[in-house]
Amino acid sequence: MYIDENQIIVTGRLTATPELKNVEGSDGPFSVANMTIANNYKTRDNPEQQVNFFNVVVYGKTAENCCQYLTKGSKVLIRGAARLTPHKKEGEDKQTYYFKIIAHRIQFLDTKPKTNNCDAPGMPPDTTDNIDDMFEYPD
């Protein structure tokens, strides 16, 4: 059976400090971090700088590292998969869609270490937890 490729790679800066949550799963508790990155771009037709905003979800130890070392304005490279989730508000017939990136790898691109809520000795060059080995994704 052929499986389509779903891979996205994007760089940008965090619009806010990542939010860490601990969630209870079927295999026990795990960490989840949510963040938004701003990705600047220009086109030939419009030389003015434009911005895309991407919502990113990170799991496990990578989520914990993001919350420990990243702050608003930190530059990152995200490798992950795109997800489009339908959402319908109560009392409305219209269905909207929520786009997010499920991060598999995050590389910290800032040259200076930044710390958030702890006294960390420095910033690791990247976090490479492979969450594909930890979670099953629906088809």
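**Salt bridges and their surroundings**

A: Glutamate 64 is partly exposed, at 32% relative accessible area; the classes are buried under 20%, exposed over 50% and partly exposed in between, with a 1.4 Å probe and protein chains only. The model is predicted, so local features need pLDDT of at least 70 and side-chain atom pairs count only at pLDDT 80 or more, while totals for chains, interfaces and linings use all residues. Residues are numbered from 1 along each chain as its sequence is written, and side-chain values use heavy atoms, with hydrogens and water left out.

Glutamate 64 forms a salt bridge with lysine 61, the closest N and O atoms being 3.8 Å apart; the term requires a side-chain nitrogen of Lys or Arg within 4 Å of a carboxyl oxygen of Asp or Glu. Both residues lie in helix H1, three residues apart, or about one turn of the helix. Helices (H or I, at least four residues) and strands (E, at least two) are DSSP runs, numbered from the N terminus. Lysine 61 is also partly exposed, with a relative accessible area of 47%.

The structure holds two salt bridges. Aspartate 110 pairs with arginine 13, with 3.6 Å between the closest N and O atoms. This pair links distant parts of the chain, 97 residues apart: aspartate 110 is in the loop between E6 and strand E7 (126-127), and arginine 13 is in strand E1. Aspartate 110 is buried, with a relative accessible area of 18%, whereas arginine 13 is partly exposed at 41%.

Strand E1 also holds threonine 11, which is partly exposed at 32% relative accessible area. Leaving out residues up to four places away in sequence, threonine 11 touches Ile37, Ala38, Asn39, Val76, Leu77 and Leu109, contact meaning heavy atoms within 4.5 Å. Threonine 11 and lysine 75 are 64 residues apart along the chain, and their C-alpha atoms are separated by 7.3 Å.

The backbone oxygen of threonine 11 is reached by the side chain of asparagine 39 at 2.8 Å. That is a polar contact: a pair of N or O atoms within 3.5 Å; within protein, one must be able to donate a hydrogen and the other to accept it, and residues adjacent in sequence count only if both atoms are side-chain atoms. Asparagine 39 is in strand E3 (residues 28-41) and is buried at 15% relative accessible area. Beyond four places in sequence, asparagine 39 is in contact with Val10, Thr11, Gln50, Val51, Asn52 and Phe54.

Valine 76 has Thr11 among its contacts, together with residues including Val10, Leu14, Ile37 and Ile106. The largest nonpolar core has 20 residues, of which Ile37, Val56, Val58, Val76, Ile78 and Ile106 touch the most other members. The elements giving two or more residues to this core are strand E1 (8-14), E3, E4, helix H1 (60-69), E5 and strand E6 (95-108). Such a core is a set of buried Ala, Val, Leu, Ile, Met, Phe, Trp, Tyr and Cys residues joined through side-chain atoms within 4.5 Å.

Phenylalanine 53, in strand E4 (residues 50-59), is exposed at 57% relative accessibility. Apart from residues up to four places away in sequence, phenylalanine 53 touches Thr15, Thr36, Ile37 and Ala38.
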